[in-house]
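Thanks, everyone. Let's walk through one model together. Have a look at it first.

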Amino acid sequence: MKHALPDTRWLYEQLLNHGQQTAVDDFAAKCPMHGQAEFVAQLWETDAEIGGIGGYQLPKNPIQNPFPGGMERTLYRPLQYAASELERDVAHGARYIVQYAGMHLEAVTRQYLMRSQKLGSLRHSQSTLGKAVHQIAKLRTIDEKTIQSLLVFVRLYNMSKHEVNQDESRDRLFSAEDALIAYLSARILGFRLLTEIGLVPS
């Protein structure tokens, strides 16, 4: 975890379970020596255990779009793009993986608000992830640890959109560990929220 950002480390320690941490650790320790193929396969097994729709079951070629329209496209297309980058080269696509994972959570939090509040579809259809999370926190319908995890993720997502690395101690802003942890965190948090509003496919 020596290459991970502080917020990513927090998510690793506070949100990921032991099996998810092991998948990240194995990737970080062994991938540079052995190539990433077998460790991406391990990641997809870990992803499948979370439940719901995830990169493990989506086509890795974005040209193949299983969700041509509607709510599913908004929710899951970002995960498909993240999966494509994960499969191609995690280190190279780290920033984009964080960004796509954040886009998934942004769509999830909007759906949560639209289904939890009167006139929610009018108020929250264009909410940013940060604004949506603060609104969800005010509802007090989600446990504090999930809210805290979402707020930490918001900082990473905003960095992926707006910051170019200016820290001389880091070669680049996002590492492979950041990307893997951000992806798994978005899947865990997204699954929790979608379950709450009954949008997890059976």
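A residue counts as buried when its relative accessible area is under 20%. Keep that cut-off in mind. This is a predicted model, by the way.

Start with Tyr 183. At 0% relative accessibility, Tyr 183 is buried by that cut-off. What does its ring pair with? A search of the whole structure turns up 4 aromatic pairs. In one of them, the ring centres of Trp 44 and Tyr 183 are 6.0 Å apart, with planes at 80°, so we call it edge-to-face. Trp 44 sits in helix H3 and Tyr 183 in helix H9, so this pair ties together parts 139 residues apart in sequence. Trp 44 has a relative accessible area of 11%, so it is buried too.

Now the core. The largest nonpolar core has 61 residues. Tyr 183 is among those with the most contacts inside it, along with Leu 16, Leu 86, Val 90, Phe 153 and Phe 174. Elements giving two or more residues to this core are H1, H2, H3, H4, H5, H7, H8 and H9. H9 supplies the largest share, 12 residues.

Take Phe 153 next. Which residues does Phe 153 touch, leaving aside those up to four places away in sequence? The list includes Leu 11, Val 98, Leu 105, Leu 129 and Ala 182.

Phe 153 is one of the buried residues of H8. Others include Ile 147, Leu 150, Val 154 and Tyr 157. Residues three or four places apart in an α-helix point the same way, because there are 3.6 residues a turn. The buried residues of H8 pack against H1, H5, H7 and H9.

How does the length of H8 check out? Its 19 residues, 144-162, should span 27 Å at 1.5 Å a residue, and the end C-alpha atoms are 27 Å apart, so the two agree. At the N-terminal end, Asp 143 is the cap. One of its side-chain oxygens lies 3.3 Å from the backbone nitrogen of Lys 145.

Buried or exposed? Gln 126 is exposed, at 65% relative accessible area. Ser 127 is buried, at 10%. Ser 127 touches Glu 106, Arg 110 and Ala 132, again leaving aside residues up to four places away. Arg 110 comes up for Gln 126 as well: their C-alpha atoms are 7.6 Å apart, across 16 residues of chain.

That's my tour. Questions, please.

Key:
Residues are numbered from 1 along each chain as its sequence is written. This is a predicted model: local features need pLDDT of at least 70, side-chain atom pairs count only at pLDDT 80 or more; totals for chains, interfaces and linings use all residues. Side-chain values use heavy atoms; hydrogens and water are left out. Buried means under 20% relative accessible area, exposed over 50%, partly exposed in between (1.4 Å probe, protein chains only). Contact means heavy atoms within 4.5 Å. Helices (H or I, at least four residues) and strands (E, at least two) are DSSP runs, numbered from the N terminus. The expected span of a helix is 1.5 Å times one less than its number of residues. A polar contact is a pair of N or O atoms within 3.5 Å; within protein, one must be able to donate a hydrogen and the other to accept it, and residues adjacent in sequence count only if both atoms are side-chain atoms. A nonpolar core is a set of buried Ala, Val, Leu, Ile, Met, Phe, Trp, Tyr and Cys residues joined through side-chain atoms within 4.5 Å. Rings of Phe, Tyr and Trp (its six-membered ring) pair if their centres lie within 6.5 Å; planes under 30 degrees apart count as stacked, over 60 as edge-to-face and the rest as tilted.
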